[in-house]
Amino acid sequence: MSSEQDIYEEHVLDHYEDPYHRGDLERATHAHQADNPLCGDSIHIDLKIGSDEKIIEAWFSGDGCVISQASASMLMETVEGKTLDEIRAFSAEEMLALFGPKLTPNRQKCCLLSWRVLQSAIHAPVDDLPADDDDTPDVHFGGPSLGEES
Amino acid sequence: MNKPCPFNELEIDGIRQQFPILNRSTSSGVPLAFLDNAASTQRPVSVIEAMEDCYSRYYANVHRGIHTLSEESTEAFEQSRQIIAQYINAADTKEIIFTSGATSSINLVARTWGDQNIGAEDVILTTIAEHHANIVPWQQLAGRTGCKIIFIPINADYTFDDQVVIEHLDRYQPKLFAFTAASNVLGTKTPVKRWVERCGERGIKTLIDASQLAPHEPLDTQSLGADFLVFGGHKMCGPTGIGILHGKRDLLEEMPAFLGGGGMISRVTTTGFKSAELPDKFEAGTPPIAEAIGLAAAAKFLNALDRERISKHENHLCQIADEGLRAMPGVEVIGPTHDQKGGIVSFSIRGVHAHDIAHELDQHGIAVRAGHHCTMPLHHYLKKTSTTRASFYLYNQVEEVARFLEAVEKVQKRFSPTGRRRRKRNPE
(Lines give C-alpha, C1' and ligand atoms only; values in the text may rest on other atoms or scores of the structure.)
Protein backbone atom coordinates (compact mmCIF):
# COMPACT_ATOMS: atom_id res chain seq x y z
CA MET A 1 0.00 0.00 0.00
CA SER A 2 2.63 2.50 1.00
CA SER A 3 6.17 3.09 -0.09
CA GLU A 4 6.74 5.25 2.98
CA GLN A 5 7.48 4.11 6.48
CA ASP A 6 4.25 3.40 8.33
CA ILE A 7 3.90 5.85 11.21
CA TYR A 8 1.31 3.60 12.82
CA GLU A 9 3.71 0.75 13.48
CA GLU A 10 2.69 -1.95 15.94
CA HIS A 11 4.58 -0.43 18.84
CA VAL A 12 2.73 2.87 18.38
CA LEU A 13 -0.70 1.26 18.18
CA ASP A 14 0.08 -0.81 21.29
CA HIS A 15 0.74 2.37 23.25
CA TYR A 16 -2.41 3.97 21.82
CA GLU A 17 -4.64 1.11 22.90
CA ASP A 18 -2.87 0.20 26.12
CA PRO A 19 -1.28 3.42 27.32
CA TYR A 20 1.13 3.69 30.23
CA HIS A 21 -0.23 5.75 33.13
CA ARG A 22 -3.24 7.30 31.46
CA GLY A 23 -5.25 8.98 34.17
CA ASP A 24 -4.93 11.49 36.97
CA LEU A 25 -2.39 11.38 39.74
CA GLU A 26 -3.74 12.14 43.18
CA ARG A 27 -1.49 14.40 45.18
CA ALA A 28 0.52 15.45 42.15
CA THR A 29 3.22 17.96 43.01
CA HIS A 30 3.41 19.39 39.52
CA ALA A 31 0.93 19.58 36.63
CA HIS A 32 0.40 21.31 33.31
CA GLN A 33 -1.94 21.19 30.32
CA ALA A 34 -1.74 22.49 26.76
CA ASP A 35 -3.60 22.17 23.49
CA ASN A 36 -2.62 22.05 19.89
CA PRO A 37 -5.01 24.73 18.62
CA LEU A 38 -4.67 23.57 15.03
CA CYS A 39 -6.30 20.20 15.58
CA GLY A 40 -7.73 20.35 19.08
CA ASP A 41 -5.39 17.76 20.61
CA SER A 42 -4.91 18.28 24.33
CA ILE A 43 -2.57 16.74 26.89
CA HIS A 44 -2.56 17.10 30.67
CA ILE A 45 0.39 15.80 32.70
CA ASP A 46 0.54 15.17 36.45
CA LEU A 47 3.93 14.63 38.10
CA LYS A 48 5.08 13.57 41.53
CA ILE A 49 8.55 15.02 42.01
CA GLY A 50 10.58 13.90 45.05
CA SER A 51 12.75 16.05 47.30
CA ASP A 52 15.77 14.66 45.44
CA GLU A 53 14.44 16.35 42.26
CA LYS A 54 13.60 13.03 40.67
CA ILE A 55 10.31 12.21 38.97
CA ILE A 56 8.67 9.48 41.07
CA GLU A 57 5.50 9.18 39.00
CA ALA A 58 4.20 10.63 35.72
CA TRP A 59 0.61 10.38 34.43
CA PHE A 60 -1.13 11.87 31.41
CA SER A 61 -4.66 12.42 30.18
CA GLY A 62 -6.02 14.01 27.04
CA ASP A 63 -7.65 13.70 23.66
CA GLY A 64 -6.18 13.51 20.24
CA CYS A 65 -4.74 11.51 17.41
CA VAL A 66 -2.77 8.27 17.72
CA ILE A 67 0.52 10.14 17.46
CA SER A 68 -0.21 12.61 20.27
CA GLN A 69 -1.60 9.99 22.66
CA ALA A 70 0.88 7.17 21.98
CA SER A 71 3.84 9.54 22.24
CA ALA A 72 2.54 10.80 25.61
CA SER A 73 2.36 7.21 26.85
CA MET A 74 5.93 6.53 25.71
CA LEU A 75 7.11 9.72 27.39
CA MET A 76 5.48 8.86 30.73
CA GLU A 77 7.14 5.46 30.64
CA THR A 78 10.52 7.03 29.98
CA VAL A 79 10.64 9.92 32.42
CA GLU A 80 9.97 8.15 35.69
CA GLY A 81 13.18 7.96 37.73
CA LYS A 82 14.80 10.78 35.74
CA THR A 83 16.12 13.94 37.41
CA LEU A 84 14.82 17.37 36.49
CA ASP A 85 18.19 18.18 34.91
CA GLU A 86 17.84 15.13 32.71
CA ILE A 87 14.32 16.23 31.71
CA ARG A 88 15.51 19.73 30.87
CA ALA A 89 18.27 18.25 28.73
CA PHE A 90 15.82 15.95 26.91
CA SER A 91 15.49 17.64 23.51
CA ALA A 92 12.70 17.71 20.93
CA GLU A 93 14.89 15.62 18.64
CA GLU A 94 15.24 13.00 21.36
CA MET A 95 11.47 12.98 21.81
CA LEU A 96 10.99 12.32 18.08
CA ALA A 97 13.59 9.54 18.29
CA LEU A 98 11.79 8.03 21.29
CA PHE A 99 8.58 7.91 19.26
CA GLY A 100 10.32 6.08 16.44
CA PRO A 101 8.67 6.36 13.00
CA LYS A 102 9.73 9.39 10.99
CA LEU A 103 7.06 12.10 11.00
CA THR A 104 6.27 14.92 8.60
CA PRO A 105 6.55 18.44 10.10
CA ASN A 106 2.78 18.61 10.64
CA ARG A 107 2.68 15.35 12.58
CA GLN A 108 5.80 16.26 14.58
CA LYS A 109 3.64 18.86 16.31
CA CYS A 110 1.33 16.06 17.48
CA CYS A 111 4.29 14.08 18.82
CA LEU A 112 5.85 17.06 20.60
CA LEU A 113 2.71 18.19 22.43
CA SER A 114 3.33 15.97 25.47
CA TRP A 115 7.02 16.92 25.44
CA ARG A 116 6.06 20.63 25.58
CA VAL A 117 3.62 19.98 28.42
CA LEU A 118 6.25 18.01 30.36
CA GLN A 119 8.83 20.78 29.99
CA SER A 120 6.33 23.23 31.47
CA ALA A 121 5.00 20.87 34.11
CA ILE A 122 8.36 20.57 35.88
CA HIS A 123 8.16 24.34 36.46
CA ALA A 124 4.51 24.28 37.53
CA PRO A 125 3.94 23.27 41.15
CA VAL A 126 0.26 22.48 41.70
CA ASP A 127 -0.12 25.22 44.33
CA ASP A 128 0.24 27.96 41.75
CA LEU A 129 -0.87 26.15 38.65
CA PRO A 130 -0.91 28.49 35.68
CA ALA A 131 -3.94 28.13 33.43
CA ASP A 132 -2.27 29.18 30.22
CA ASP A 133 0.64 27.75 28.35
CA ASP A 134 2.38 31.00 27.54
CA ASP A 135 5.59 29.84 29.14
CA THR A 136 5.86 26.64 27.14
CA PRO A 137 8.89 26.40 24.90
CA ASP A 138 7.70 27.54 21.52
CA VAL A 139 8.99 25.11 18.96
CA HIS A 140 8.23 25.91 15.35
CA PHE A 141 8.54 23.46 12.52
CA GLY A 142 7.96 24.18 8.89
CA GLY A 143 5.14 23.03 6.70
CA PRO A 144 1.61 24.26 6.14
CA SER A 145 -0.82 24.34 9.02
CA LEU A 146 -3.61 21.80 8.94
CA GLY A 147 -5.94 24.16 10.67
CA GLU A 148 -6.16 26.97 8.21
CA GLU A 149 -8.22 27.33 5.13
CA SER A 150 -9.27 30.35 3.22
CA MET B 1 -36.75 21.22 -20.96
CA ASN B 2 -34.79 18.17 -19.90
CA LYS B 3 -33.86 17.85 -16.26
CA PRO B 4 -30.11 18.25 -15.72
CA CYS B 5 -28.40 14.90 -15.32
CA PRO B 6 -25.02 13.99 -13.81
CA PHE B 7 -22.08 13.66 -16.21
CA ASN B 8 -21.62 10.22 -17.73
CA GLU B 9 -18.31 8.37 -17.63
CA LEU B 10 -17.25 9.54 -21.06
CA GLU B 11 -17.93 13.17 -20.20
CA ILE B 12 -16.00 12.86 -16.92
CA ASP B 13 -13.04 11.38 -18.78
CA GLY B 14 -13.11 14.37 -21.09
CA ILE B 15 -13.29 16.80 -18.17
CA ARG B 16 -10.47 15.06 -16.30
CA GLN B 17 -8.19 15.31 -19.32
CA GLN B 18 -8.37 19.07 -18.94
CA PHE B 19 -6.91 18.92 -15.41
CA PRO B 20 -3.28 17.79 -15.73
CA ILE B 21 -2.77 17.56 -11.95
CA LEU B 22 -5.33 14.77 -11.61
CA ASN B 23 -2.91 12.37 -13.30
CA ARG B 24 -0.43 12.38 -10.45
CA SER B 25 0.00 10.00 -7.54
CA THR B 26 0.28 10.80 -3.85
CA SER B 27 3.44 10.27 -1.80
CA SER B 28 2.33 6.68 -1.18
CA GLY B 29 2.51 5.93 -4.92
CA VAL B 30 -1.25 5.49 -5.34
CA PRO B 31 -3.27 7.44 -7.96
CA LEU B 32 -4.69 10.64 -6.54
CA ALA B 33 -8.38 10.97 -5.68
CA PHE B 34 -8.73 14.66 -4.88
CA LEU B 35 -11.65 15.08 -2.48
CA ASP B 36 -10.58 18.32 -0.81
CA ASN B 37 -12.35 20.69 -3.18
CA ALA B 38 -14.17 22.73 -0.56
CA ALA B 39 -10.74 23.95 0.58
CA SER B 40 -9.50 24.69 -2.93
CA THR B 41 -10.11 23.17 -6.36
CA GLN B 42 -7.73 22.35 -9.20
CA ARG B 43 -7.36 24.31 -12.45
CA PRO B 44 -8.10 23.30 -16.04
CA VAL B 45 -5.66 23.91 -18.87
CA SER B 46 -7.80 26.80 -20.16
CA VAL B 47 -7.22 28.77 -16.92
CA ILE B 48 -3.51 27.99 -16.81
CA GLU B 49 -3.16 28.97 -20.48
CA ALA B 50 -5.15 32.19 -20.12
CA MET B 51 -2.74 33.36 -17.43
CA GLU B 52 0.30 32.16 -19.35
CA ASP B 53 -1.00 33.95 -22.44
CA CYS B 54 -1.35 37.18 -20.46
CA TYR B 55 2.17 36.98 -19.10
CA SER B 56 3.82 35.85 -22.32
CA ARG B 57 1.98 38.06 -24.80
CA TYR B 58 0.45 41.27 -23.46
CA TYR B 59 1.02 41.84 -19.72
CA ALA B 60 1.45 45.39 -18.44
CA ASN B 61 -0.09 47.43 -15.66
CA VAL B 62 -3.72 48.37 -16.22
CA HIS B 63 -5.44 51.78 -16.42
CA ARG B 64 -2.10 53.60 -16.56
CA GLY B 65 0.14 53.30 -19.57
CA ILE B 66 -0.51 54.89 -22.93
CA HIS B 67 1.10 52.05 -24.79
CA THR B 68 0.03 48.92 -26.61
CA LEU B 69 0.55 46.39 -23.82
CA SER B 70 -1.20 48.48 -21.21
CA GLU B 71 -4.16 49.00 -23.52
CA GLU B 72 -4.40 45.28 -24.22
CA SER B 73 -3.99 44.34 -20.55
CA THR B 74 -6.61 46.86 -19.50
CA GLU B 75 -9.04 45.56 -22.08
CA ALA B 76 -8.56 41.94 -20.98
CA PHE B 77 -8.86 42.93 -17.32
CA GLU B 78 -12.10 44.87 -17.83
CA GLN B 79 -13.48 42.15 -20.07
CA SER B 80 -12.88 39.75 -17.17
CA ARG B 81 -15.00 41.98 -14.97
CA GLN B 82 -17.80 41.74 -17.52
CA ILE B 83 -17.54 37.95 -17.69
CA ILE B 84 -17.79 37.73 -13.88
CA ALA B 85 -20.75 40.12 -13.92
CA GLN B 86 -22.48 37.79 -16.37
CA TYR B 87 -21.48 34.75 -14.31
CA ILE B 88 -23.53 36.03 -11.36
CA ASN B 89 -26.02 38.05 -13.45
CA ALA B 90 -25.05 41.36 -11.87
CA ALA B 91 -27.20 44.35 -12.78
CA ASP B 92 -24.15 46.48 -13.45
CA THR B 93 -20.49 45.63 -14.19
CA LYS B 94 -19.45 48.46 -11.85
CA GLU B 95 -20.87 46.39 -8.98
CA ILE B 96 -18.05 43.85 -9.41
CA ILE B 97 -15.08 44.65 -7.17
CA PHE B 98 -11.92 42.59 -7.57
CA THR B 99 -10.40 41.75 -4.19
CA SER B 100 -7.74 39.27 -3.09
CA GLY B 101 -10.33 36.71 -1.98
CA ALA B 102 -13.62 36.14 -0.19
CA THR B 103 -11.94 36.94 3.13
CA SER B 104 -10.76 40.34 1.95
CA SER B 105 -14.19 41.02 0.40
CA ILE B 106 -15.87 40.57 3.80
CA ASN B 107 -13.19 42.62 5.53
CA LEU B 108 -13.75 45.40 2.99
CA VAL B 109 -17.45 45.57 3.85
CA ALA B 110 -16.76 45.43 7.60
CA ARG B 111 -14.18 48.20 7.42
CA THR B 112 -16.14 50.55 5.18
CA TRP B 113 -19.88 49.97 5.38
CA GLY B 114 -19.49 48.59 8.91
CA ASP B 115 -17.45 51.47 10.28
CA GLN B 116 -19.81 53.95 8.64
CA ASN B 117 -23.10 52.39 9.73
CA ILE B 118 -22.59 50.32 12.88
CA GLY B 119 -22.65 51.72 16.41
CA ALA B 120 -22.52 50.41 19.95
CA GLU B 121 -26.26 49.72 20.06
CA ASP B 122 -26.33 47.73 16.84
CA VAL B 123 -26.46 44.00 16.21
CA ILE B 124 -24.80 41.94 13.46
CA LEU B 125 -26.64 38.67 12.96
CA THR B 126 -24.94 35.60 11.58
CA THR B 127 -25.18 31.80 11.92
CA ILE B 128 -23.25 29.29 13.99
CA ALA B 129 -22.17 27.51 10.78
CA GLU B 130 -19.99 30.33 9.42
CA HIS B 131 -16.39 30.12 8.30
CA HIS B 132 -14.03 32.22 10.44
CA ALA B 133 -13.87 34.66 7.50
CA ASN B 134 -17.50 35.58 8.18
CA ILE B 135 -17.06 35.83 11.96
CA VAL B 136 -13.73 37.45 12.78
CA PRO B 137 -14.19 40.63 10.65
CA TRP B 138 -17.44 41.27 12.56
CA GLN B 139 -15.71 40.59 15.88
CA GLN B 140 -13.08 43.14 14.88
CA LEU B 141 -15.88 45.55 13.98
CA ALA B 142 -17.40 44.87 17.42
CA GLY B 143 -14.01 45.67 18.92
CA ARG B 144 -14.05 49.07 17.20
CA THR B 145 -17.71 49.95 17.71
CA GLY B 146 -19.01 47.91 20.64
CA CYS B 147 -21.76 46.30 18.53
CA LYS B 148 -23.11 42.83 19.36
CA ILE B 149 -22.84 39.67 17.27
CA ILE B 150 -25.66 37.15 17.53
CA PHE B 151 -25.38 33.60 16.17
CA ILE B 152 -28.40 31.68 14.89
CA PRO B 153 -28.27 28.06 16.12
CA ILE B 154 -28.72 25.00 13.93
CA ASN B 155 -31.20 22.13 14.37
CA ALA B 156 -30.22 18.63 15.46
CA ASP B 157 -30.58 17.54 11.82
CA TYR B 158 -28.08 20.24 10.77
CA THR B 159 -30.66 22.39 8.99
CA PHE B 160 -31.88 25.87 9.85
CA ASP B 161 -35.38 26.65 10.99
CA ASP B 162 -36.94 29.59 9.11
CA GLN B 163 -39.06 30.45 12.12
CA VAL B 164 -35.96 30.73 14.33
CA VAL B 165 -34.35 33.01 11.75
CA ILE B 166 -37.41 35.27 11.65
CA GLU B 167 -37.56 35.37 15.46
CA HIS B 168 -33.93 36.47 15.53
CA LEU B 169 -34.60 39.17 12.92
CA ASP B 170 -37.52 40.51 14.94
CA ARG B 171 -36.02 40.18 18.41
CA TYR B 172 -32.60 41.68 17.66
CA GLN B 173 -33.45 43.93 14.70
CA PRO B 174 -29.91 43.58 13.34
CA LYS B 175 -28.42 46.14 10.96
CA LEU B 176 -26.84 43.30 8.96
CA PHE B 177 -27.46 39.59 8.50
CA ALA B 178 -24.25 38.00 7.19
CA PHE B 179 -24.68 34.32 6.35
CA THR B 180 -23.27 31.53 4.27
CA ALA B 181 -25.09 30.20 1.23
CA ALA B 182 -23.71 26.73 2.00
CA SER B 183 -21.74 25.57 5.04
CA ASN B 184 -18.17 24.49 4.25
CA VAL B 185 -18.44 21.71 6.88
CA LEU B 186 -22.05 20.53 7.03
CA GLY B 187 -22.79 21.25 3.39
CA THR B 188 -26.14 22.65 4.52
CA LYS B 189 -27.57 25.09 2.00
CA THR B 190 -29.45 28.10 3.29
CA PRO B 191 -32.56 29.51 1.56
CA VAL B 192 -30.71 32.63 0.46
CA LYS B 193 -33.52 34.26 -1.49
CA ARG B 194 -36.10 33.70 1.23
CA TRP B 195 -33.90 35.05 4.00
CA VAL B 196 -32.89 38.05 1.92
CA GLU B 197 -36.59 38.81 1.35
CA ARG B 198 -37.35 38.54 5.09
CA CYS B 199 -34.48 40.97 5.74
CA GLY B 200 -35.61 43.31 2.96
CA GLU B 201 -39.07 43.60 4.53
CA ARG B 202 -37.42 44.75 7.76
CA GLY B 203 -34.80 47.08 6.26
CA ILE B 204 -31.96 44.75 7.28
CA LYS B 205 -28.90 44.60 5.02
CA THR B 206 -27.58 41.21 3.89
CA LEU B 207 -24.16 39.81 3.07
CA ILE B 208 -23.95 36.36 1.47
CA ASP B 209 -20.82 34.25 1.73
CA ALA B 210 -21.17 32.41 -1.59
CA SER B 211 -17.73 30.75 -1.41
CA GLN B 212 -19.29 27.27 -1.44
CA LEU B 213 -22.06 28.17 -3.90
CA ALA B 214 -20.52 30.21 -6.72
CA PRO B 215 -18.28 27.32 -7.90
CA HIS B 216 -21.14 24.85 -8.13
CA GLU B 217 -24.46 26.36 -9.11
CA PRO B 218 -26.02 29.06 -11.23
CA LEU B 219 -25.97 32.29 -9.25
CA ASP B 220 -28.30 35.19 -10.03
CA THR B 221 -27.57 38.22 -7.87
CA GLN B 222 -30.53 40.15 -9.29
CA SER B 223 -32.93 37.41 -8.34
CA LEU B 224 -31.36 36.86 -4.90
CA GLY B 225 -31.38 40.58 -4.17
CA ALA B 226 -28.67 40.52 -1.47
CA ASP B 227 -26.88 43.76 -0.66
CA PHE B 228 -23.44 42.15 -0.66
CA LEU B 229 -22.24 38.80 -2.00
CA VAL B 230 -18.68 37.47 -1.86
CA PHE B 231 -16.72 34.53 -3.23
CA GLY B 232 -13.15 33.56 -4.05
CA GLY B 233 -11.50 32.41 -7.25
CA HIS B 234 -9.55 29.39 -6.10
CA LYS B 235 -12.59 27.36 -5.07
CA MET B 236 -13.99 27.62 -8.63
CA CYS B 237 -11.07 26.49 -10.80
CA GLY B 238 -9.58 29.97 -10.74
CA PRO B 239 -6.30 31.33 -9.38
CA THR B 240 -5.52 32.12 -5.77
CA GLY B 241 -5.21 35.78 -4.77
CA ILE B 242 -8.44 36.89 -6.40
CA GLY B 243 -11.97 37.19 -5.10
CA ILE B 244 -15.13 39.09 -5.79
CA LEU B 245 -17.21 41.53 -3.82
CA HIS B 246 -20.57 42.17 -5.42
CA GLY B 247 -22.52 45.02 -3.89
CA LYS B 248 -25.60 46.98 -4.85
CA ARG B 249 -24.42 50.04 -6.70
CA ASP B 250 -26.09 52.66 -4.49
CA LEU B 251 -24.56 51.08 -1.39
CA LEU B 252 -21.09 50.91 -2.91
CA GLU B 253 -21.43 54.57 -3.99
CA GLU B 254 -22.23 55.65 -0.42
CA MET B 255 -19.45 53.63 1.20
CA PRO B 256 -16.12 55.32 1.95
CA ALA B 257 -13.02 54.09 0.14
CA PHE B 258 -11.14 51.21 1.79
CA LEU B 259 -7.40 50.92 1.16
CA GLY B 260 -5.78 54.16 0.04
CA GLY B 261 -3.25 54.35 -2.76
CA GLY B 262 -2.86 54.51 -6.48
CA GLY B 263 -5.74 53.66 -8.76
CA MET B 264 -8.47 54.46 -6.22
CA ILE B 265 -8.35 58.24 -6.57
CA SER B 266 -9.52 60.77 -9.07
CA ARG B 267 -7.33 63.54 -7.65
CA VAL B 268 -4.74 63.92 -4.89
CA THR B 269 -3.31 67.14 -3.47
CA THR B 270 -1.02 67.75 -0.51
CA THR B 271 -4.10 68.33 1.62
CA GLY B 272 -6.34 65.44 0.61
CA PHE B 273 -7.82 63.20 -2.06
CA LYS B 274 -11.01 62.54 -3.94
CA SER B 275 -12.00 58.90 -4.47
CA ALA B 276 -12.31 57.45 -7.93
CA GLU B 277 -15.60 56.19 -9.33
CA LEU B 278 -16.70 52.59 -8.95
CA PRO B 279 -15.22 50.04 -9.14
CA ASP B 280 -11.74 51.68 -8.97
CA LYS B 281 -12.58 53.28 -5.62
CA PHE B 282 -12.15 49.90 -3.92
CA GLU B 283 -9.21 48.64 -5.97
CA ALA B 284 -6.18 50.50 -4.63
CA GLY B 285 -2.78 49.54 -5.99
CA THR B 286 -2.00 47.32 -8.95
CA PRO B 287 -4.81 44.73 -9.04
CA PRO B 288 -4.36 40.99 -9.56
CA ILE B 289 -4.41 41.33 -13.35
CA ALA B 290 -3.50 37.86 -14.59
CA GLU B 291 -5.59 36.41 -11.76
CA ALA B 292 -8.68 38.31 -12.93
CA ILE B 293 -8.08 37.02 -16.44
CA GLY B 294 -7.64 33.49 -15.08
CA LEU B 295 -10.83 33.79 -13.04
CA ALA B 296 -12.77 34.86 -16.12
CA ALA B 297 -11.40 31.80 -17.95
CA ALA B 298 -12.62 29.65 -15.06
CA ALA B 299 -16.08 31.22 -15.22
CA LYS B 300 -16.22 30.50 -18.96
CA PHE B 301 -15.11 26.93 -18.36
CA LEU B 302 -17.83 26.33 -15.74
CA ASN B 303 -20.51 27.97 -17.86
CA ALA B 304 -19.60 25.83 -20.84
CA LEU B 305 -20.07 22.71 -18.73
CA ASP B 306 -23.47 23.91 -17.48
CA ARG B 307 -23.59 24.67 -13.77
CA GLU B 308 -26.93 22.90 -13.35
CA ARG B 309 -25.25 19.68 -14.39
CA ILE B 310 -22.15 20.35 -12.29
CA SER B 311 -24.23 20.65 -9.13
CA LYS B 312 -26.31 17.60 -10.12
CA HIS B 313 -23.12 15.60 -10.62
CA GLU B 314 -21.61 16.65 -7.28
CA ASN B 315 -24.81 15.93 -5.43
CA HIS B 316 -24.95 12.49 -7.04
CA LEU B 317 -21.45 11.71 -5.72
CA CYS B 318 -22.39 13.24 -2.36
CA GLN B 319 -25.41 10.95 -2.10
CA ILE B 320 -23.31 7.82 -2.69
CA ALA B 321 -20.74 8.91 -0.11
CA ASP B 322 -23.32 10.11 2.41
CA GLU B 323 -25.42 6.95 2.27
CA GLY B 324 -22.33 4.73 2.25
CA LEU B 325 -20.94 6.37 5.39
CA ARG B 326 -24.29 6.29 7.20
CA ALA B 327 -24.48 2.54 6.58
CA MET B 328 -21.20 1.95 8.46
CA PRO B 329 -21.63 1.27 12.18
CA GLY B 330 -19.52 3.63 14.27
CA VAL B 331 -19.43 6.28 11.54
CA GLU B 332 -21.35 9.50 12.09
CA VAL B 333 -22.15 11.90 9.25
CA ILE B 334 -21.94 15.51 10.44
CA GLY B 335 -24.47 17.18 8.20
CA PRO B 336 -27.96 16.83 6.78
CA THR B 337 -29.04 14.22 4.24
CA HIS B 338 -27.81 14.70 0.67
CA ASP B 339 -30.96 16.46 -0.54
CA GLN B 340 -30.22 19.36 1.83
CA LYS B 341 -26.65 19.90 0.69
CA GLY B 342 -24.35 20.13 -2.31
CA GLY B 343 -21.17 18.09 -2.61
CA ILE B 344 -19.82 18.02 0.95
CA VAL B 345 -19.78 15.11 3.41
CA SER B 346 -18.19 15.53 6.84
CA PHE B 347 -17.97 12.62 9.22
CA SER B 348 -16.30 11.16 12.26
CA ILE B 349 -15.44 7.59 13.22
CA ARG B 350 -16.00 6.64 16.84
CA GLY B 351 -12.69 6.36 18.64
CA VAL B 352 -10.58 7.56 15.70
CA HIS B 353 -9.14 11.06 15.46
CA ALA B 354 -9.69 13.03 12.24
CA HIS B 355 -5.96 13.42 11.61
CA ASP B 356 -5.43 9.69 11.75
CA ILE B 357 -8.30 9.21 9.29
CA ALA B 358 -6.90 11.80 6.87
CA HIS B 359 -3.39 10.38 7.16
CA GLU B 360 -4.56 6.86 6.41
CA LEU B 361 -6.78 7.97 3.53
CA ASP B 362 -3.76 9.71 2.03
CA GLN B 363 -1.95 6.38 2.10
CA HIS B 364 -4.78 5.20 -0.19
CA GLY B 365 -4.27 8.21 -2.46
CA ILE B 366 -7.33 10.03 -1.15
CA ALA B 367 -7.02 13.70 -0.24
CA VAL B 368 -9.56 14.85 2.36
CA ARG B 369 -9.60 17.61 4.94
CA ALA B 370 -9.28 17.00 8.69
CA GLY B 371 -9.57 19.47 11.53
CA HIS B 372 -11.98 22.25 12.37
CA HIS B 373 -12.12 23.60 8.80
CA CYS B 374 -11.94 27.21 10.06
CA THR B 375 -15.23 26.77 11.90
CA MET B 376 -14.20 26.51 15.54
CA PRO B 377 -17.47 27.99 16.90
CA LEU B 378 -19.46 25.39 14.92
CA HIS B 379 -17.28 22.53 16.15
CA HIS B 380 -17.56 23.81 19.71
CA TYR B 381 -21.35 24.01 19.30
CA LEU B 382 -21.44 20.43 17.96
CA LYS B 383 -19.07 19.33 20.77
CA LYS B 384 -16.50 18.05 18.27
CA THR B 385 -12.81 18.86 18.33
CA SER B 386 -12.39 17.93 14.70
CA THR B 387 -14.07 16.24 11.75
CA THR B 388 -13.03 14.74 8.43
CA ARG B 389 -14.49 16.14 5.21
CA ALA B 390 -14.76 14.81 1.68
CA SER B 391 -15.85 17.41 -0.86
CA PHE B 392 -16.58 16.71 -4.50
CA TYR B 393 -16.22 18.68 -7.69
CA LEU B 394 -17.03 18.33 -11.34
CA TYR B 395 -14.02 16.10 -12.10
CA ASN B 396 -14.62 13.49 -9.39
CA GLN B 397 -15.78 10.02 -10.37
CA VAL B 398 -18.14 7.46 -8.86
CA GLU B 399 -15.13 5.16 -8.77
CA GLU B 400 -13.27 7.62 -6.53
CA VAL B 401 -16.20 7.70 -4.11
CA ALA B 402 -16.14 3.89 -4.01
CA ARG B 403 -12.40 3.98 -3.27
CA PHE B 404 -13.04 6.52 -0.53
CA LEU B 405 -15.73 4.39 1.15
CA GLU B 406 -13.58 1.29 0.95
CA ALA B 407 -10.66 3.15 2.51
CA VAL B 408 -12.81 4.52 5.34
CA GLU B 409 -13.82 0.97 6.22
CA LYS B 410 -10.17 -0.08 6.27
CA VAL B 411 -9.26 2.87 8.49
CA GLN B 412 -12.01 2.00 10.90
CA LYS B 413 -10.85 -1.62 11.12
CA ARG B 414 -7.24 -0.58 11.54
CA PHE B 415 -7.83 1.70 14.49
CA SER B 416 -10.61 -0.14 16.29
CA PRO B 417 -9.49 -1.72 19.59
CA THR B 418 -8.18 -5.28 19.22
CA GLY B 419 -6.98 -5.99 22.75
CA ARG B 420 -3.40 -4.87 22.12
CA ARG B 421 -0.92 -4.88 25.00
CA ARG B 422 1.94 -2.48 25.33
CA ARG B 423 5.38 -4.09 25.11
CA LYS B 424 8.92 -2.92 25.31
CA ARG B 425 10.21 -2.01 21.87
CA ASN B 426 12.19 -4.85 20.35
CA PRO B 427 15.91 -4.21 20.61
CA GLU B 428 17.31 -3.57 17.14
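Leaving aside neighbours within four places in sequence, V230(B) is in contact with A102(B), S105(B), I106(B), D209(B), A210(B), G243(B), I244(B) and L245(B); two residues are in contact if their C-beta atoms, placed from the backbone, lie within 7 Å. The model is predicted, so that local features need pLDDT of at least 70 and side-chain atom pairs count only at pLDDT 80 or more, while totals for chains, interfaces and linings use all residues. Residues are numbered from 1 along each chain as its sequence is written, and chains are lettered from A and ligands numbered from 1 in the order in which they are written.

V230(B) also belongs to the largest nonpolar core, which has 117 residues. Such a core is a set of buried Ala, Val, Leu, Ile, Met, Phe, Trp, Tyr and Cys residues joined through C-beta atoms within 7 Å. A residue is termed buried if 20 or more other C-beta atoms lie within 10 Å of its own, exposed if 12 or fewer do, and partly exposed in between, with C-beta atoms placed from the backbone. The residues with the most contacts inside the core are I84(B), A210(B), V230(B), I293(B), A298(B) and F404(B). Helix α10 (residues 289–305) of chain B gives the most to this core, contributing eleven residues. Helices (H or I, at least four residues) and strands (E, at least two) are DSSP runs, numbered from the N terminus. A second, separate core holds 35 residues, including V12(A), C65(A), M74(A) and V79(A).

In chain B, seven strands form an open sheet with mixed pairing, in the order β2-β8-β7-β6-β5-β3-β4. Two strands pair if DSSP finds at least two bridges between them. The edge strands of the sheet are β2 and β4 (148–152) of chain B, each of which pairs on one side only. Neighbouring strands are turned by 20° against each other on average, direction ignored; axes are lines fitted to C-alpha atoms, for helices over the stretch in contact, and angles run from 0 to 180 degrees between N-to-C directions.

Within this sheet, strand β5 (residues 176–180) of chain B is mostly covered, as five of its five residues are buried. Both of its faces are covered, with L176(B), A178(B) and T180(B) on one side and F177(B) and F179(B) on the other. Strand β3 (residues 123–127) of chain B pairs with β5(B) in the parallel sense over two bridges, and I124(B) stands opposite L176(B). The pairing of β5(B) with strand β6 (residues 205–209) of chain B is likewise parallel and comprises five bridges. Here T206(B) is the bridge partner of F177(B). Between these two strands the chain passes through helix α7 (residues 192–201) of chain B, and this β-α-β crossover is right-handed, a term used if, with the strands pointing away from the viewer, the path from the first strand over the helix to the second runs clockwise. A178(B) stands opposite L207(B) in β6(B).

Several loops of chain B show particular backbone features. A cis peptide bond, with omega of about -5°, joins L278(B) and P279(B); P279(B) is found in the loop between β10 (272–275) and α10 of chain B. N89(B), in the loop between α3 (68–87) and β2 (96–99) of chain B, has a positive phi of about 50° although it is not a glycine. N89(B) counts as partly exposed, with 13 C-beta neighbours inside 10 Å. A positive phi of about 50° is also found at H373(B), likewise not a glycine, in the loop between β14 (369–371) and α13 (376–381) of chain B. H373(B) is buried, with 28 other C-beta atoms within 10 Å.

Chain A has five helices and three strands, which run α-β-β-β-α-α-α-α from the N terminus on. Of its 150 residues, 40% count as buried. The strands form an open sheet in the order β1-β2-β3 (chain A), with antiparallel pairing. Its edge strands are β1 (30–36) and β3 (55–63) of chain A, and the twist averages 15° from one strand to the next. Strand β2 (residues 41–49) of chain A pairs with β3(A) over eight bridges, and K48(A) has E57(A) as its bridge partner. Helix α2 (residues 66–79) of chain A packs on the sheet, touching β2 and β3 of chain A, and its direction makes about 175° with that of β3(A). Helix α5 (residues 105–121) of chain A also packs on the sheet, touching β1, β2 and β3 of chain A, with an angle of about 150° to the direction of β1(A).
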